[in-house]
Amino acid sequence: MPTVHLLDYAAGNIRSLVNAIEKLGWQVEWIKSPDDVAKAEVKIPKLILPGVGHFGHCLTQFANAGYVEPVKAYIRSGKPFMGICVGLQALFEGSTESSSVSGLGIIQGQLRRFNDAEKSVPHIGWNSANTSSSTLTTNAAPGGDGEQSVYGLRPDSKYYYVHSYGALYTPGELEKQGWTVATARYGSEEFVGAVARENVLATQFHPEKSGAAGLRVIKAFLEGRKTAPLPPGITNRDVKEGLTRRIIACLDVRTNDQGDLVVTKGDQYDVRDKSDKNVRNLGKPVQKAQEYYEQGADEVTFLNITSFRDTPLKDLPMLEVLRQTAATTFVPLTIGGGIRDTVDPETGIKQPALAVASLYFQSGADKISIGSDAVTAAEAYYAANRTLTGRTAIETISEAYGAQAVVVSIDPKRVYVSEPASTTHHIIQTTTPGPNGEKYCWYACTTQGGRSTADLDVVQLATAVEAMGCGEILLNCIDKDGTNSGFDLELIRSVKGAVRIPVIASSGAGNAGHFAEVFEGTSVDAALGAGMFHRGEWTVRRVKEELAAKGLSVRKFEE
Ligand code: 1PR
């Protein structure tokens, strides 16, 4: 089996990259010290520099381990080199994310944070990497008559991005340095999605998480195919569309009374069948996830819904579910349930939330989702006059793996009031009055799957976790869960109005029209469905087809 070398300098979840490379029939060898790279002149035919999270954190680790000069020398030697995400950012001179830390300076330029006045930051989701014909003519060596694709990049494909900082694109600047550039648009900002020059390819997006389109790019790099003709009828074009509408399939997982780990689904969080009282069994987690991947789901989320009873360290089957899914499902995977400081049942030793999260990341998760513990942390934050301790699960995991890896899952339920003055909580005026005709409500945050309710409203929780370094909110709604009556648009607008990080709408989806309604009626960043997919009433593909017919941009599944 041919071998590619990966540089291991503690740069976050790299399991998926290994899975993608192995799927393509290559094997991975790890570079564990700068000496290994120095020997590269003879021994290392191809090198990949992965990276995720914080520029300063990654580059400091990288520099402290002594990699800067050996990697620069490797690149100068002319051997194939690929950088991914922070691995692309590392090639620049620096980033405003950590002005005191230097990049490798192979590309002249600085990275800057996206402008969050007009859009959510981080930029999370599927976007383009388009090489305009003009850049190609200047810098890539065209072969044949037709239009050329650079390293398998195609203008009709979408790639998975997750980052807050990027190389904002100024036409001609990088091209003058000899780079061929593929760009994407986020809001009004155009940024660099990928660059290529001589022996170097670097992508801001994660090819290992970008389905068949991403695997094609990795394959082209591994096989040394810098350019290839585009399929007939497809031409390079300037970037236009921007981020596509993200559709997420969610699997609530638990052990049923027979001891099997099953995908289940509740009605307003009650997962037991009304007649026989058994836990609803809607399928096997790994199989279901694979189905949704093949239907074109942009992400898959697993929620271990009973882990509050026990520590997830005991939930080894869940880790196995993740491992197996990550081996064949090349889209981002999120896992939630039980992520908090805990005690290892085997040893009695305290395990911090970061250790629990690390287990999940090593098993193939790209993001972890925190529910109950976020509520406890937010209550402590307000009790201490909005003081951050640096010790909460959100803060420690965000610090180590980056904000984009930390989702907070909120389980709110409506509390109706007759008069706004009757509570200090964030009130909305509702078009769905309460049982006694109340025209106002607030949303109380719950823990332990709705079993316990906190005196904390959803806006308080969302703003607190944003301050702690959470990168995305998964906004459920107990009143809407399993009702097939559409998302709670009032709830979504109120949370979107309070935070700058992306928000995923969840609970209530029953048909494609509900997805269209939430995307057209709110500024939400992604929408999630569960029951309608599990029961086979809708496929993700059909939902996307209907959204596309309404003019909403979606990613199509590529074989
Ligand atoms: O509190 O950190 O241990 O995490 C537990 C996680 O499990 C939380 O994210 C919490 O939302 C979830 N959870 C706990 N109990 C339940 C339950 O259903 N009894 N499920 C539960 C939450 C909600 C959604 C669901 C949507 C869409 N599931 O994710 O998939 O409501 O459903 P629909 O499209 O069918 O309407 P911790």
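Guide: In this predicted model, isoleucine 124 stands opposite valine 162 in β9.

Visitor: What makes β7 and β9 a pair of strands?

Guide: Five bridges join β7 to β9, and the two run antiparallel. At least two bridges are needed, so β7 and β9 count as paired.

Visitor: How many residues of β7 are buried?

Guide: Five of its five residues are buried, and β7 is described as mostly covered. Being buried takes 20 or more other C-beta atoms within 10 Å.

Visitor: What is found in the loop between β6 and β7?

Guide: Proline 122 has its place there. A cis peptide bond joins valine 121 and proline 122, with omega at about 10°.

Visitor: Why is lysine 277 called exposed?

Guide: Lysine 277 has 8 C-beta neighbours inside 10 Å. The limit for exposed is 12 or fewer, so lysine 277 counts as exposed. Lysine 277 is in the loop between β16 and α10, and its phi is near 65°, a positive value in a residue other than glycine.

Visitor: Why does asparagine 385 count as exposed?

Guide: With 6 C-beta neighbours inside 10 Å, asparagine 385 also falls under the limit of 12 or fewer, so it counts as exposed. Asparagine 385 lies in the loop between α13 and α14 and has a positive phi of about 60° although it is not a glycine.

Visitor: Which strands pair with β25?

Guide: β23 pairs with β25 in the antiparallel sense over six bridges, and valine 417 has tyrosine 440 as its partner in β25. Two bridges join β24 to β25, also antiparallel. At least two bridges are required, so β24 and β25 count as a pair.

Visitor: What do β25 and β26 form, and how many residues are between them?

Guide: They form a hairpin with four residues between them. In the turn, glutamine 448 has a positive phi of about 50°.

Visitor: Which residues come nearest to the ligand?

Guide: Of the 32 residues around the ligand, Gly371, Ser372, Ser409, Gly449 and Gly531 come nearest. The shell divides into 10 nonpolar, 17 polar and five charged residues. Gly counts as polar. β15, β21 and α13 each supply at least two residues of the shell.

Visitor: Which residues touch the most other members of the largest nonpolar core?

Guide: That core has 166 residues, and Ile368, Ile394, Leu461, Ile473 and Ala527 touch the most other members. Its largest share, seven residues, comes from helix α15.

Visitor: How do you know that this core lies between the domains?

Guide: Domain 1 (3-229) and domain 2 (246-549) both give residues to the core, so it lies between them.

Visitor: What separates the domain centres, and how many residues take part in the contact?

Guide: The centres, taken over C-alpha atoms, are separated by 31 Å. The contact takes 24 residues from domain 1 and 24 residues from domain 2. On the domain 1 side, α1, β7, β9 and α9 each give two or more residues. The largest share of that side, four residues, comes from α1.

Conventions: Residues are numbered from 1 along each chain as its sequence is written. This is a predicted model: local features need pLDDT of at least 70, side-chain atom pairs count only at pLDDT 80 or more; totals for chains, interfaces and linings use all residues. A residue is near a molecule or strand if its C-beta atom, placed from the backbone, lies within 6 Å of it. A nonpolar core is a set of buried Ala, Val, Leu, Ile, Met, Phe, Trp, Tyr and Cys residues joined through C-beta atoms within 7 Å. Domain bounds come from an automatic or database domain assignment. Two residues are in contact if their C-beta atoms, placed from the backbone, lie within 7 Å.
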